[in-house]
Amino acid sequence: MKRVTGIGGIFFKAEQPEVLLAWYEKHLGIQLATGMSGTVFESAGQTVWSVFPKDTQYFAPSTAPFMVNYRVENLLELVNVLREEGVEVVDTMEDSEYGKFAWVIDPEGNRVELWEPPAQVQE
């Protein structure tokens, strides 16, 4: 069984998200996608780039200013295996138009997002 198949997204907090987004747009040419606080880079699989407000709770319980999202295959099977291996799985799995999501805590206390993209987006 494959586990991680790539980076699904990189997310981080900022004191002033709008200022930071404007800097990246101006200096690095990263254009915001409609309705997003970041952009989507197209490749063999999607990689999402997004800036969250400093006070977001989306990375909780981690206090790190970032969270890495890993693209995976068969999220339900992987979550079951991770639980069997003693990995701390947090929250419930979510299923949306963007795919399926689950979260685990790494040994350093960082929240890690696992993402199974919708079938039309997978590699």
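1. Glutamate 85 is partly exposed, at a relative accessible area of 46%; here buried means under 20% relative accessible area, exposed over 50%, and partly exposed in between (1.4 Å probe, protein chains only). Arginine 3 is likewise assigned to the partly exposed class, with 34% relative accessibility.

2. The model is predicted: local features need pLDDT of at least 70, side-chain atom pairs count only at pLDDT 80 or more, and totals for chains, interfaces and linings use all residues. Residues are numbered from 1 along each chain as its sequence is written, and side-chain values use heavy atoms, with hydrogens and water left out.

3. A salt bridge (a side-chain nitrogen of Lys or Arg within 4 Å of a carboxyl oxygen of Asp or Glu) joins glutamate 85 to arginine 3, at 2.9 Å from N to O. The two residues are 82 residues apart, glutamate 85 in the loop between α2 (75-84) and β5 (88-96) and arginine 3 in the segment before β1 (4-14). Helices (H or I, at least four residues) and strands (E, at least two) are DSSP runs, numbered from the N terminus.

4. Glutamate 15 and lysine 54 form a salt bridge, with their closest N and O atoms 2.4 Å apart. Glutamate 15 sits in the loop between β1 and α1 (17-28) and lysine 54 in the loop between β3 (47-53) and β4 (66-72), so the pair ties together parts 39 residues apart in sequence. Glutamate 15 is exposed at 59%, whereas lysine 54 is partly exposed at 46%. The count comes to 2 salt bridges.

5. Regarding confidence, the mean pLDDT (the predictor's confidence in each residue, from 0 to 100) of the protein chain is 88, and 96% of its residues reach 70 or more.
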